[in-house]
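Please have a look at it first, and then we will go through it part by part.

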Amino acid sequence: MIRLLILFICLSELAHAVTPVRVVSQTVGTDELLIALAEPAQIAALSHISKQAEFSSVAEQAKAYPSISAGDSEAILRYKPTLVLFADYSRAELVANVKKTGVRVIVFDRYATLADVYSNLRTLGKELGREARAEELIAECEARMARLREKLKGVKPVRVVNASTYGLLSGAGTTFQDLCDHAGAENLATTLGGMKGVAPEVSEKMLVWPIDAVVLGGEGTVEEALAPLRGILPYRHVAAVKNGRAVVLPSALLASVSHHRIEAYERLARGLHPEVFK
C-alpha cells in the first residue's frame, strides 16, 4: 500500500514536470492569486483589467504579462492555456464555451473570508505544483494577522458603514463585513440594518444610526471622496460625513477577494484606531 502511495506521488510530480501548466486568468481576483503563486513561465495571460490600479492590487506586476481582451472565449484560447481561472461572477456562457474545448477550468466561488482565500491559494497551488509556495504565503499572512490582532486587542469597535453614491450598503456575508471583522469596526448595516449581502440603503433609518465614520473606496483624499456624498441623501445629514470622519481605501483593496485584503485590514485599522499604531 505504501509503495502504491509513493508511486502515486511520484507520478503526480512527474505529471507536473513533463506537462507545463499554462494559465489564463479571467478575473482580477484570480490574477492576484496567480501572480503570488506561479512561476512566470506558467502565466500565459491575465485579465483585461489586470494592469489598471483602480481594480488590481498587482497592476505593476501585471505589466510583465499579456492580458486578454474582454469578450469571447477566443480571446482566452489564443494563449493556448492548459488551465483557465474564473470566478462565479464570470459570464456563465464564457465559462461554458471554454469548458467545451476540453481545457481545464477552475471557477472560484468562495472568497468572503480569509479562510476562503487560504483555501483558494491551496487549490491553485496544487494545480501549479506550487503547494510549498502556497503554504509559505499563508504563513506570511497569518504572521501579519497575528500582529494586527495584537495591536487591536481591547479596542472599542468603531461604528461604520461602507458609503457610496450607488445607493447600496454592504451587510453580512460580504468582503466589507470581513474587513470590519478584522479591523476593529462594527458594520452598522449588519448590526442595526440586519442586511445580508449588498442591499439598497435604508436612508431614513440611517439618519438615526450612530455612524462614527464612513469607509469609502477611492484613490484621492478624504475630502475628494466625501464631496459627492455631501450632496445626496442620506449622507448630507450624516454627522460623520459633514465632519470629515472617513477612511478612504484604494478601490482595489476595498473590493479585494485575494490575500491582498490583509493590507485593507491594516489600513482600515490604522485609520480607525490610530492611537494603537503610534
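This is a predicted model: local features need pLDDT of at least 70, side-chain atom pairs count only at pLDDT 80 or more; totals for chains, interfaces and linings use all residues.

Now to the division of the chain. The domain assignment gives domain 1, covering 23-147, and domain 2, covering 154-273, and the centres of domain 1 and domain 2, taken over C-alpha atoms, are separated by 27 Å. In the contact, domain 1 takes part with 21 residues and domain 2 with 19 residues.

The size of an interface is often expressed as the accessible area that is lost when the parts come together. Here domain 1 and domain 2 bury about 1,500 Å² between them, and 63% of that area is on carbon and sulfur atoms.

What, then, links the two domains through polar groups? Across the interface of domain 1 and domain 2 there are 4 residue pairs in polar contact, and the count of salt bridges between the two domains is 1. That salt bridge brings together the side chains of R144 and E266, at 2.7 Å from N to O. On the side of domain 1 that touches domain 2, the elements giving two or more residues are α2 (28-37), α6 (114-128) and α7 (131-152), and by class this side has 14 nonpolar, 4 polar and 3 charged residues.

Turning to the whole structure, a search finds 14 salt bridges. One of them pairs E39 with R130, whose closest N and O atoms are 3.0 Å apart. This pair links distant parts of the chain, since E39 sits in the loop between α2 and β2 (43-45), while R130 sits in the loop between α6 and α7, 91 residues apart.

Finally, I would point out two details of the backbone. L233 and P234 are joined by a cis peptide bond, with omega at about -5°, and P234 belongs to the loop between α11 (222-226) and α12 (239-242). K80, which is not a glycine, has a positive phi, near 50°, and K80 is placed in the loop between α4 (73-77) and β3 (83-87).

Terms used: Residues are numbered from 1 along each chain as its sequence is written. Side-chain values use heavy atoms; hydrogens and water are left out. Domain bounds come from an automatic or database domain assignment. Contact means heavy atoms within 4.5 Å. Buried area is the accessible area (1.4 Å probe) that two parts lose on being put together, summed over both. A salt bridge is a side-chain nitrogen of Lys or Arg within 4 Å of a carboxyl oxygen of Asp or Glu. A polar contact is a pair of N or O atoms within 3.5 Å; within protein, one must be able to donate a hydrogen and the other to accept it, and residues adjacent in sequence count only if both atoms are side-chain atoms. Helices (H or I, at least four residues) and strands (E, at least two) are DSSP runs, numbered from the N terminus. Ala, Val, Leu, Ile, Met, Phe, Trp, Tyr, Cys and Pro count as nonpolar, Asp, Glu, Lys and Arg as charged, and the others, Gly among them, as polar.
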